Amino acid sequence: MSNLQPAPAAAEFWRGLKEVFPVLIGMVPIALVLGAQAVAKGFHPVEAPLMGGVNFAGGSEFVAVGLWTTPPDLLLIAVMTFLVNCRHLLMGAALAPLVRQIPARKIFPALYVMCDETWAMSLADARKRGMFSLPYYLGNAAGMWVTWVLFVGIGAVLGPIIGDLERFGFDMAFTAVFLVLLRGAWTSFTAARPWFVSLAVAAPTYLILPGAWYVATGATAGLVAAFLLAPREEI
Amino acid sequence: MTVDLWTMLTIAAMGVVTYSTRLGGFLLLRNRHLSPRTLAVLEAVPGCVLISVIAPRFVAAKPAELLALAITLLAAWRLPLLPTVLISIVATGLLRHFL
């Protein structure tokens, strides 16, 4: 057990920051698009990066901006934020066994910056090295948070100057990132069957129902499929 | 365009809801023994939500949008994140302009 000596925290933090760098470059156009779209929907240029920093979950922020009105429908946006982010419940649960040694006063604030990327990278790192490294995770997260807030802010300021970003195809960056994330999570067709169920339910829901219900119905259908298709219980 | 109270409250609500999802699963599920079935569901969740959020792209009405999606899909399958994003933006911009 004790042959796993933790590396110095500062070195681990830098390692996390260095390894997250390619992800940050991919984030920049998405953050710019979010900032620009938020201002186009009536956000003050300060409010867009504020949302990015406080909420720090890009998918739900795009959904919120998509549903934004003046004044915003707080309840609708809160519910949709929950639906888009309910995956965090299971991500947190998956993380828990790896961080038992870390005291609550450290892990509770650290969870504030748990997102798809920081979670996936630190979990992959823990699998590779045999232990979860909190400073590595925080290095991932610091890079993500600062880049997100900074470039959402820049997008909010530049957006009105550049004009219609959709005309140039920038909004597709969001889809591209999601597809790359899906590719990264792909293990086999069998394991990915629930995703296809999600797609098959979410797409028609989008055509039929207004708002972001397609996220809820698609995700729920996928979960039900995952449950039903899972290997039999051995009792 | 001024900083607005309802906007502030909505952003605060989003922050609270999102943090509750981050903390909730960690606190409520951490001491449970998770069955293979639960683990299979666990593994499928992020993908299910991601694909659901971008599902509208798959039923876009314009051919340019569908073609751009196909190119993005192909790039995402083969290439790292940054080239995929760049190819996707350029292809989408060009297709919207010329189709």
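Tutor: First, a working definition: two residues are in contact if their C-beta atoms, placed from the backbone, lie within 7 Å. Keep in mind too that this is a predicted model. Take the contacts in chain A between residues at least 6 apart in sequence: 75% of them join residues at least 24 apart.

F21(A) and G143(A) are 122 residues apart along the chain, yet 7.4 Å separates their C-alpha atoms. Is F21(A) buried or exposed? F21(A) counts as exposed, because it has 10 C-beta neighbours inside 10 Å, and the cut-off for exposed is 12 or fewer.

How spread out is chain B? With 99 residues, the globule rule gives chain B 13 Å, but its radius of gyration is 20 Å, well over that, so chain B is more spread out than a compact globule. Its C-alpha trace spans about 55 × 50 × 25 Å along the principal axes. As for burial, 52% of the residues in chain A are buried, and for chain B the figure is 41%.

Where do the chains meet? On the chain A side 79 residues take part, and on the chain B side 64. Helix 9 (residues 172–185) gives the largest share of chain A's side, with 12 residues. By class, chain A's side has 59 nonpolar, 14 polar and six charged residues.

Helix 9 of chain A packs against helix 5 (residues 81–98) of chain B, with the axes 9 Å apart and an angle of about 145° between them. That crossing is right-handed. Which residues meet there? From helix 9 of chain A come M172(A), A173(A), T175(A), A176(A), V177(A) and V180(A), and from helix 5 of chain B come L81(B), T84(B), V85(B), S88(B), I89(B) and T92(B). This helix-to-helix contact has eight nonpolar and four polar residues, and no charged ones.

Finally, a look at how chain A itself is divided. Its domain 1 covers 9–185 and its domain 2 covers 187–235. Between their centres, taken over C-alpha atoms, lie 23 Å. Seven residues of domain 1 and six residues of domain 2 make up the contact between them. On the domain 1 side, helix 4 (residues 74–85) supplies the largest share, four residues. That side has seven nonpolar residues, with no polar and no charged ones.

Technical notes: Residues are numbered from 1 along each chain as its sequence is written. Chains are lettered from A and ligands numbered from 1 in the order in which they are written. This is a predicted model: local features need pLDDT of at least 70, side-chain atom pairs count only at pLDDT 80 or more; totals for chains, interfaces and linings use all residues. The radius of gyration is taken over C-alpha atoms; the globule rule is 2.2 Å times the number of residues to the power 0.38. A residue is buried if 20 or more other C-beta atoms lie within 10 Å of its own, exposed if 12 or fewer, and partly exposed in between; C-beta atoms are placed from the backbone. Domain bounds come from an automatic or database domain assignment. Helices (H or I, at least four residues) and strands (E, at least two) are DSSP runs, numbered from the N terminus. Ala, Val, Leu, Ile, Met, Phe, Trp, Tyr, Cys and Pro count as nonpolar, Asp, Glu, Lys and Arg as charged, and the others, Gly among them, as polar. Axes are lines fitted to C-alpha atoms, for helices over the stretch in contact, and angles run from 0 to 180 degrees between N-to-C directions. A crossing is left-handed if the near helix is turned anticlockwise from the far one by less than a right angle, and right-handed if clockwise.
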